[in-house]
Amino acid sequence: MALKLVEEQAPAGYERLVYIEDEEVGLRAFVCVHSTVLGPAVGGCRMWNYATLEDARTDVLRLAAGMTNKNAMAGLGLGGGKSVIIGDPRSDKTEALFRAFGRAIESFGGSYYTAEDVGISPEDMANVAKETAYAVGLDHGAHASGDPSPFTAEGVFQCLKVGAKAVFGKSDLTGRRVLVQGLGHVGWSLAEKLHAAGAELVVSDVNPEAVERARASLGAEICPPEQIFAQRMDIFAPCALGGILTHETVAQLSARLVCGAANNQLLEPSVAEELLARDCLYLPDYVVNAGGIISVAGEVHHAGPEYRADRLVQIAGRVAQIIETSRKERKTTIQVADDMVAEILAEAAKVDALAG
């Protein structure tokens, strides 16, 4: 068999890092299991045309750790993991590639479940599922939950309104100038919700067809990607790749609120301090974008739609609690969220130790 799995040395604090390759089908991928303290690791698969293997490795490590935080905060009884496939999602997809990836996921024996992320569709995941029982976010099956993107967008939208109330005094978005960066499945769904809510919509994406569609159907203003931080905006909703908030970009940011679906939006933790100093409320990405993983968790646990609905509603309340604690304790919102996650994981580890 052409499929190769190479165990790499996982960094401190991580459980497992595996490089996957199948030359016959053009598969190059990484799977990272960050933590299974709370349960099997769950996190989507991203397909991206990374410039180097090191870029892909760095991304999967960051994303996997973020999934531990996200799943812990959402109370899903799941650990954190992630996978990335190196390739252009517009041209490199084949059934054989995804089936080979599925065989690799099956070899983890249920310690890691994969699902859709950037560049991956439910159709792609259906091909993965032909080779493994540990692919979720499926359209068909006894417990299928479908594309998680709309649920992610709904959670972000509800949190954005909570943030707007905290910053502007009311949750009404009428006339608020909101810039959505990234018009993939989640970004597009969020843009539709913002348009319906009366926001003044500005969109940016590297795909000219996506932004033209937004201009035509949503009346959105188009912003070239290189001019995002020069734009006047009330709210910034990053829904593309991570690392967008740096000391340099934040210095140019006019928004009073940042709330978006992208993972790992802060290039480094100290950027949160700068946002706070500039009186810009940052809502931690792994809290606000949990709608998709909540949907997927229902599939993993074989739970009904009530499971998803109940937990989706709780996201906005959690954000309101984080904002309140941040203001009371004069901490950044990400500090508050990280402290909450650390407490959850420490308690679970203590229980495991006693049980062992």
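1. Two strands count as paired if DSSP finds at least two bridges between them. Strand β11 (residues 235-238) and strand β12 (residues 257-258) meet that rule, pairing in the parallel sense over two bridges. I235 stands opposite L257 in β12.

2. A word on the ground rules, since this is a predicted model: local features need pLDDT of at least 70, side-chain atom pairs count only at pLDDT 80 or more, and totals for chains, interfaces and linings use all residues. Residues are numbered from 1 along each chain as its sequence is written, and side-chain values use heavy atoms, with hydrogens and water left out.

3. Now the whole chain. You will find twelve helices and 13 strands in it; helices (H or I, at least four residues) and strands (E, at least two) are DSSP runs, numbered from the N terminus. The radius of gyration is 20 Å, close to the 21 Å that the globule rule gives for 356 residues, so the protein chain is as compact as a globular protein of that length. Here the radius is taken over C-alpha atoms, and the rule is 2.2 Å times the number of residues to the power 0.38. The C-alpha trace spans about 60 × 50 × 40 Å along its principal axes.

4. Back to the sheet around β11. Six strands make up this open, parallel sheet, in the order β10-β9-β8-β11-β12-β13. At its edges are β10 (221-222) and β13 (281-282), each of which pairs on one side only.

5. Rings of Phe, Tyr and Trp (its six-membered ring) pair if their centres lie within 6.5 Å; planes under 30 degrees apart count as stacked, over 60 as edge-to-face and the rest as tilted. The count comes to four such pairs. One of them, Y19 with F30, is tilted, at 5.1 Å centre to centre and 50° between the planes. Y19 lies in strand β2 (residues 16-22) and F30 in strand β3 (residues 27-35), so this pair ties together parts that are eleven residues apart in sequence. F229 and F236 form an edge-to-face pair, 5.5 Å centre to centre with 70° between the planes.

6. Y19 and F30 are both buried. F229 is buried at 10% relative accessible area, and F236 is buried at 0%. Across the 356 residues of the chain, 54% count as buried.

Definitions and conventions. Buried means under 20% relative accessible area, exposed over 50%, partly exposed in between (1.4 Å probe, protein chains only).
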